[in-house]
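Below is a tutorial dialogue on how to read local features in a protein model.

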Amino acid sequence: MRAVVYVLYVILFLLSLSANAGRILSLSVVPFLSHQLIHRTLNLALHKRGHELVIVTTAPLKDPTLKNYTEIDVSYGFSIITEYNDAKWKISQMESCRQVFTITTEFMGTIWDNPEFKKIYRRDSGEKFDAIMIEPISDLSLYSMAHRFNAPLIGLTPMGFHNFQRYIFASPMLPSHPSNWEVNTLVEGYPSFWQRLQNFIDVWGYLYAWSHHVVMARKRVEKYFGSDTPDPMDIAKNMSIVLVNENPLFAYARPEQPNVIYFSGSQIQKTPPTLPKDLRRFLDDATKGFIYVSLGTTVSCHNLPTEIMGNFIEVFSKLPFKIVWKYECDEFPGKLDNIFISKWFPQQGILAHPNIRLFIYQGGLHSTEEAVHYAVPLLGLPIMFEQASRIQRLASLGAAIFLKLNELSKERLNTAIHQILNDKSYKERMAYLSKLSKDQPYDSFENAIWWIEYVMRHKGISHLRFSESDKPWYQRYDMDIIGFLAVIAFIMSLIFLYTLFRILRFCYGYYHLLYKNVQYLNTKLKMQ
């Protein structure tokens with residue numbers, strides 16, 4: 001009888017899943033592997049809960065055992081960013097963002113023309129979706145899928161907000177706040193007037209550059225859907241929620257909209273992965289400790305400058321510690337007896353090893369979360385986007401040191417390594433941050449899933465939307481009022497100056513006349 005009850009429970013559970021299941025179009029098109037991993041994790045979690053997914057992705061899973069899980073392969077997008085990756089540390093932060101605008105716009109054109117995707121969005125396709133999930137990218141043309149299928153729009157960003165995203169949602173623009181990672185001048189505390197002026201120009205110049213691509217997105221939507229389609233900017237403003245894959249602990253606190261939902265740590269495993277035997281033996285023998293080096297997926301032995309590579313080799317050759325380096329080439333250029341290289345490592349297994357002393361990395365979000373989880377001090381060498389801001393934040397919390405990769409010298413690298421290893425406060429601060437990150441009132445990833453299903457249940461939500469996004473930029477920030485008051489103040493100043501001039505002129509004339517009269521009287525008296 002008990003077995004029958006269990007079976008009934010299972011049947012009822014499965015029926016409840018199928019009854020609440022929806023159909024989701026997931027546009028996971030940004031050609032960066034770290035971004036794709038977040039999309040994939042969320043897509044698989046939704047699929048496990050019974051939802052059917054159609055996914056346009058640059059990193060398809062290609063698992064034939066997954067039913068109701070259709071992938072449209074646009075992995076050719078990775079070739080478009082190759083040239084950008086090779087030059088990313090030679091340009092400014094703002095210029096790198098502008099380049100991404102151009103790359104994204106170019107890539108979106110290829111997606112619209114993809115034959116498999118065309119079958120989905122053409123007017124006679126008969127396709128229906130309960131939600132459109134997309135990374136809020138600079139090219140807004142794909143947002144029009146929400147109008148095409150009359151489905152709520154859900155944003156998913158694997159990193160912090162861009163300023164153009166904040167502008168769309170009418171979030172406060174804070175050009176000189178350290179959370180504003182796109183500016184070239186990252187200053188904590190109180191930046192000078194001239195730094196704030198430069199940041200102000202950078203931010204609004206950045207938005208002006210982005211606006212050009214918005215115009216191109218409008219033309220693209222008109223081309224494929226006709227001129228009667230709503231402006232993609234208006235569709236973007238009505239996005240139901242935005243899921244942000246970032247722990248607020250690693251970001252600078254700032255005001256956010258109520259429909260911005262944070263989640264993090266979805267990739268952290270409850271049990272660290274098992275290490276290969278040769279690597280395990282190497283790490284167990286590191287009685288003085290070891291240093292782990294991984295510069296992410298966009299930096300490799302193929303594009304790391306020779307001078308910087310030489311600095312690493314010389315510094316590492318003089319350290320008494322073992323080195324574990326995720327290195328993509330078959331041969332290492334230097335002859336080091338204390339190094340273990342591989343094209344891939346089970347990173348969480350390495351970070352969980354008790355002999356680890358330091359993690360040298362590029363500031364990626366996943367690596368940051370894992371390092372904090374396992375309480376490993378960090379030496380950050382940011383490459384692009386929000387990485388510099390994230391490392392600076394951790395440095396301000398006393399758990400990391402920030403160095404610029406393009407200015408990395410042997411002296412700076414050696415000093416930073418020894419400072420972290422010899423000062424116990426870095427390890428202690430990181431242990432404290434690890435404790436904070438694990439003290440959560442609920443599972444933030446499950447919370448993100450709940451919000452997606454909440455939007456689907458109610459066919460979109462508008463009560464959390466900030467109405468200021470409907471206003472022109474100059475009204476949002478009261479620029480028209482400030483301009484009006486400035487004009488009034490200017491006119492009043494002119495009136496004041498003119499009045500003062502007339503008074504002084506009158507006084508001068510009166511004094512001059514009085515002086516002449518006195519002179520005349522003196523002359524008369526002398527003549528008498």
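**Reading the features**

The UniProt annotation "transmembrane region", from an unreviewed entry, covers residues 481-501; UniProt positions follow the numbering used here, feature names are shortened, and annotations may be inferred rather than shown by experiment. This is a predicted model, in which local features need pLDDT of at least 70, side-chain atom pairs count only at pLDDT 80 or more, and totals for chains, interfaces and linings use all residues. Residues are numbered from 1 along each chain as its sequence is written, and side-chain values use heavy atoms, with hydrogens and water left out.

Q: How much of residues 481-501 is helix, and how far apart are the end C-alpha atoms?

A: Helices (H or I, at least four residues) and strands (E, at least two) are DSSP runs, numbered from the N terminus. Residues 481-501 are 100% helix and 0% strand, and their end C-alpha atoms lie 30 Å apart.

Q: What describes two packed helices?

A: The angle between their axes and the distance between the axes describe them. Axes are lines fitted to C-alpha atoms, for helices over the stretch in contact, and angles run from 0 to 180 degrees between N-to-C directions. Here helix H2 (residues 33-48) packs against helix H18 (residues 444-457) at about 65°, with the axes 11 Å apart.

Q: Which residues of H2 and H18 meet?

A: Contact means heavy atoms within 4.5 Å. Thr-41, Leu-42, Ala-45 and Leu-46 of H2 meet Phe-445, Ile-449 and Ile-452 of H18. Six of the residues in this contact of H2 with H18 are nonpolar, one is polar and none is charged (Ala, Val, Leu, Ile, Met, Phe, Trp, Tyr, Cys and Pro count as nonpolar, Asp, Glu, Lys and Arg as charged, and the others, Gly among them, as polar).

Q: Is His-39 buried or exposed?

A: Buried means under 20% relative accessible area, exposed over 50%, and partly exposed in between (1.4 Å probe, protein chains only). His-39 lies in helix H2 and counts as buried because its relative accessibility is 2%. Leaving out residues up to four places away in sequence, His-39 touches Ser-28, Glu-135, Leu-156 and Pro-158.

Q: What describes a pair of aromatic rings?

A: The distance of the centres and the angle of the planes describe it. Rings of Phe, Tyr and Trp (its six-membered ring) pair if their centres lie within 6.5 Å; planes under 30 degrees apart count as stacked, over 60 as edge-to-face and the rest as tilted. The structure holds 30 aromatic pairs. In one of them, Tyr-121 and Phe-225 are edge-to-face, at 5.7 Å centre to centre and 85° between the planes. This pair links distant parts of the chain, with Tyr-121 in helix H6 (residues 115-121) and Phe-225 in helix H9 (residues 193-225), 104 residues apart. Both Tyr-121 and Phe-225 are buried. Phe-193 and Trp-194 also form an edge-to-face pair, at 5.0 Å and 80°. Trp-194 counts as exposed because its relative accessibility is 61%.
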